[in-house]
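Good morning, colleagues. Please bring up the model on the screen, and I shall go through its strands, its core and its charged pairs.

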Amino acid sequence: MLRVFDLMRSLGYDVSPPKRPQHQPKKGFTTWLIDVTTPNGTSLQMGFATPNTS
């Protein structure tokens, strides 16, 4: 996912660093949120989950 975000940044998108929300809906996974702003000013929030390895 981090490579995808780097690609988006290189294409002119503003991508925030991933942050963890307080509520974690999936047991055994960590949910991450990012804010994305397109070059034309439209913004959205995306989320993705990564498995816990500990």
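Aspartate 14 stands opposite threonine 37 in S2. Strands here are DSSP runs of E with at least two residues, and helices are runs of H or I with at least four, both numbered from the N terminus. S1 and S2 run antiparallel and are joined by 2 bridges; strands count as paired if DSSP finds at least two bridges between them.

A word on provenance: this is a predicted model, in which local features need pLDDT of at least 70 and side-chain atom pairs count only at pLDDT 80 or more, whereas totals for chains, interfaces and linings use all residues. Residues are numbered from 1 along each chain as its sequence is written, and side-chain values use heavy atoms, with hydrogens and water left out.

Let me continue with the sheet. It is open, with 3 strands in the order S1-S2-S3 and antiparallel pairing. Strand S1 (14–15) and S3 are the edge strands, each pairing on one side only. In general, the strands of a sheet pair through backbone hydrogen bonds. Between strand S2 (residues 29–37) and S3, the antiparallel pairing extends over 9 bridges. Within it, tryptophan 32 has phenylalanine 48 as its bridge partner in S3, and isoleucine 34 has methionine 46. The hairpin of S2 and S3 has 5 residues between the strands, and glycine 41 takes a positive phi near 100 degrees there.

Which residues form the largest nonpolar core? It has 6 residues: Phe5, Met8, Val15, Ile34, Val36 and Phe48. Such a core is a set of buried Ala, Val, Leu, Ile, Met, Phe, Trp, Tyr and Cys residues joined through side-chain atoms within 4.5 Å. Buried means under 20% relative accessible area, exposed over 50%, and partly exposed in between, with a 1.4 Å probe and protein chains only. H1 and S2 each supply at least two residues of this core.

A search of the whole structure finds 1 aromatic pair. The ring centres of phenylalanine 5 and phenylalanine 48 are 5.6 Å apart and the planes lie at 50 degrees, so this pair is tilted. The criterion is that rings of Phe, Tyr and Trp (its six-membered ring) pair if their centres lie within 6.5 Å; planes under 30 degrees apart are stacked, over 60 edge-to-face, and the rest tilted. Distant parts of the chain are linked in this way, with phenylalanine 5 in helix H1 (residues 2–10) and phenylalanine 48 in strand S3 (residues 43–51), 43 residues apart. Phenylalanine 5 is buried at 2% relative accessibility, and phenylalanine 48 is buried at 15%.

I turn finally to charge. The structure holds 2 salt bridges, each defined as a side-chain nitrogen of Lys or Arg within 4 Å of a carboxyl oxygen of Asp or Glu. In one, the side chains of aspartate 6 and arginine 9 meet at 3.1 Å, N to O. Both residues lie in helix H1, 3 residues apart, about one turn of the helix. Aspartate 6 is partly exposed at 46% relative accessibility, as is arginine 9 at 34%.

Where does the other salt bridge lie? Lysine 19 pairs with aspartate 35, their closest N and O atoms being 3.0 Å apart. Lysine 19 belongs to the loop between S1 and S2 and aspartate 35 to strand S2, so the pair ties together parts 16 residues apart in sequence.
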